Structure formats: structure tokens, C-alpha cells
Amino acid sequence: MKNLEERGHLLTEQVNANSENLDQLSSIELVDLFNREDAQTLSAIAGAREELARAIDIAAESLRQGGRLFYVGAGTSGRLGVLDAAECPPTFCTPPELVQGIIAGGAGALVRSSEDLEDRPEDGAESIAHRHINNLDVVVGITAGGTTPFVAGALQAARQRGAKTVFIACVPVEQVNFEADVDIRLLVGPEVVAGSTRLKAGTVTKMALNIISTGVMVKLGKVYGNRMVDVAVTNQKLRDRAVRMLQDLTDLSRDEAGFLLEKSGKSVKLALMMHWTNLEKEECDRILGEFQGNLRSAVASISQQSAVSSQQSVVSSQ
């Protein structure tokens with residue numbers, strides 16, 4: 001990646017012909033214009049579907065082996081990475097260190113401008129060294145225009161340490177080329193406000209990160225069907241959701257589901273396994289651990305054992 005002083009040729013910096021009279025539009029015309037332009041985010045995601053799938057597979061495999069997932073960015077890109085990482089523990093009950101966001105300028109950059117810090121590739125490299133990133137980890141570099149030195153420094157340092165790398169940008173390869181294990185290009189075209197990549201580029205980036213992190217968590221067994229059975233039950237809303245999940249997936253009444261949830265230590269996954277297998281919490285916890293938390297596989301193993309035992313009993317009685 002080059003540190004380009006002249007960036008006018010980049011797709012993210014070009015002027016959008018559809019919004020040249022932006023300051024003359026009525027409020028409803030503004031809304032309609034944004035709506036038309038934002039439709040491009042869907043086609044951009046579709047155009048990167050294979051690369052997104054590879055990112056999911058690589059990250060899921062690394063996390064199964066004990067690795068971690070990191071998002072690295074500056075400005076809007078960095079904030080989006082931090083946001084996606086921060087949403088994983090409450091949504092999927094993951095430890096905070098499993099998915100982490102790294103933003104140029106640190107935590108302070110989340111609430112105040114520090115975009116000048118994105119020009120230091122050595123800071124990106126230092127952020128990788130500080131977190132002891134290794135060959136089990138995956139580092140996702142996010143840079144709308146593809147030229148952020150902080151991100152380049154971080155990805156290059158990550159590769160040197162043997163980590164898998166994913167590059168996400170909103171410019172075509174012929175404008176900015178970068179070596180990574182997965183190269184995701186989200187081409188949404190020029191912004192409604194020229195160069196303001198918190199708009200379409202930001203929206204499509206959030207969509208891509210949603211897909212990657214959720215896809216990884218699905219692969220890791222954090223959902224059953226489409227239910228977030230690893231949800232952290234930390235408030236009344238989430239307790240209600242947990243109880244309703246138990247009701248929907250079992251024949252229990254609301255009171256019975258609530259009692260089971262408490263008995264399981266407020267773990268929907270454990271509660272379901274306890275109900276379906278008639279085993280105690282500690283035994284269910286042990287078996288789930290053997291199957292890396294995958295509820296479907298853990299329950300299937302008990303069913304298979306029961307089937308084998310029944311068959312052996314039949315043979316013995318003959």
C-alpha cells in the first residue's frame with residue numbers, strides 16, 4: 001500500500017454526479033437521494049460474497065484453535081471495528097479478548113477527532129506487537145480509501161508474525177493493491193458528500209463486519225438454528241428473550257422455562273441441553289466443552305450414546 005499524497009483518483013474521493021445540487025434539495029429530496037445511493041451497498045456486498053465467506057472460514061478456524069480476531073482502522077473505519085468487537089460479548093457471550101478493535105489514537109479517538117494519527121504506520125505495527133499477535137490470530141484491516149498508513153503498518157506487522165490478514169477497502173484493486181490472505185472490496189461509488197466515507201462506505205463496512213463476526217459465531221456454535229443461545233443474560237430484556245427461547249424450543253411454560261434458566265446459571269445453551277438430555281448442569285457443561293460449545297453436536301452425541309446403549313441391551317437380551 002502506498003501513502004498517496006494525491007488521492008483524487010480514488011473512488012472514495014470522487015464527486016458524485018447524482019448529488020451535485022445537494023445544497024439545493026428539499027428535505028424529502030435529500031432522503032430520497034440517500035435512499036437511492038444506499039441501495040448500492042447491497043450490490044457491493046453481493047459482489048464480495050466469496051471473499052466474505054473466506055474471511056468467515058479463516059477466522060472461525062483460527063478461533064477454534066485458540067486464536068483471536070482483531071479489527072484495525074482509523075477514523076470511521078476504526079470506530080466501526082471497535083463497535084463490532086464490542087457487540088460480540090453481549091450478543092454471543094464471548095470473552096472480551098476474543099474479538100478486539102484497534103483504532104488509531106486509542107479509546108480517545110472514539111469520541112474526538114484524531115485522524116492525524118492514521119498517518120503513522122509505526123503506530124499500527126506497535127499496536128500489533130502490544131497485543132502479542134501471533135500465528136493463531138486473524139487481523140482485519142479496514143480502510144475505506146485503501147491508503148491508511150496505520151492500517152498498512154498493522155497488517156504488515158501481523159503478517160510478519162504469521163497471523164492471517166484480511167483487507168477491507170472501498171476502492172478497486174487497480175487503484176490500491178495490497179497483499180493479504182483475503183482481499184475484500186466493497187465498491188459503493190462516490191459519496192453523496194464528496195469524500196465523506198462515513199456514509200455509504202461506512203454503511204457497507206458495518207454490513208460486512210456484521211456478516212463476518214456473526215458468520216464466525218455461527219460456525220463456532222454460538223447459535224442453535226437462528227437463536228442466540230449463547231446470549232449473556234444481563235438485563236430484563238435479555239432474560240425475557242432467553243425465557244422465550246426456552247419456551248419456543250421446548251414444551252415448557254414460562255414459569256418452568258424461567259426456573260430452568262436459573263438452574264442452569266442463566267445459560268440458555270446449558271438449560272436446553274439439561275432439558276433435552278436429563279443430565280445435570282455440570283455434566284452438560286463438561287460435554288459441551290468436549291464439543292467446543294456446539295449445542296447441536298453435544299446433544300447429538302448423547303443421543304448416539306443412548307442409541308448404542310439400547311442396541312447393546314437388545315443384543316444382550318437375545
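**Loops, rings and strands in a predicted model**

Visitor: In which loop is Lys266 found?
Guide: This is a predicted model, in which local features need pLDDT of at least 70 and side-chain atom pairs count only at pLDDT 80 or more, while totals for chains, interfaces and linings use all residues. Residues are numbered from 1 along each chain as its sequence is written, and side-chain values use heavy atoms, with hydrogens and water left out. With helices (H or I, at least four residues) and strands (E, at least two) taken as DSSP runs numbered from the N terminus, Lys266 falls in the loop between helix H9 (254–263) and H10.

Visitor: Where is His132 found, and is it buried or exposed?
Guide: His132 has a positive phi of about 50° although it is not a glycine. It is found in the loop between helix H5 (121–130) and strand S3 (138–142). With a relative accessible area of 59%, His132 is exposed.

Visitor: How many aromatic pairs does a search of the whole structure find, and how is the pair of Phe167 and Phe178 classed?
Guide: The search finds 2 aromatic pairs. The ring centres of Phe167 and Phe178 are 4.8 Å apart and the planes are at 20°. Rings of Phe, Tyr and Trp (its six-membered ring) pair if their centres lie within 6.5 Å, with planes under 30 degrees apart counted as stacked, over 60 as edge-to-face and the rest as tilted. The pair of Phe167 and Phe178 is therefore stacked.

Visitor: Which parts of the chain does this Phe pair link, and are Phe167 and Phe178 buried or exposed?
Guide: Phe167 lies in strand S4 (residues 164–169), and Phe178 is 11 residues away, in the loop between S4 and strand S5 (182–185). As for accessibility, Phe167 and Phe178 are both buried.

Visitor: How is the pair of Tyr224 and Trp276 classed, and how many residues apart in sequence are the parts it ties together?
Guide: The ring centres are 5.3 Å apart and the planes are at 45°, so this pair is tilted. Tyr224 is in the loop between helix H7 (200–219) and helix H8 (236–249), and Trp276 is in helix H10 (residues 268–277). The pair therefore ties together parts of the chain whose separation is 52 residues.

Visitor: Which residue lies over the face of Tyr224?
Guide: Tyr224 is buried, at 18% relative accessible area, whereas Trp276 is partly exposed, at 31%. A charge sits over a ring if NZ of Lys or CZ of Arg is within 6 Å of the ring centre and within 35 degrees of the ring normal. At 4.2 Å from the ring centre of Tyr224, the residue over its face is Arg296.

Visitor: In what sense do S1 and S2 pair, and what is the bridge partner of Leu69 in S2?
Guide: In strand S2 (residues 99–103), 4 of the 5 residues are buried, so the rest of the structure largely encloses it. Strand S1 (residues 69–73) pairs with S2 over 5 bridges in the parallel sense, where pairing needs at least two DSSP bridges. The bridge partner of Leu69 is Val99.

Visitor: How many helices and strands does the protein have, and what share of its residues is buried?
Guide: The secondary structure comes to 12 helices and 5 strands. The C-alpha trace spans about 85 × 50 × 40 Å along its principal axes. Of the 318 residues, the share counted as buried is 46%.

Notes: Buried means under 20% relative accessible area, exposed over 50%, partly exposed in between (1.4 Å probe, protein chains only).
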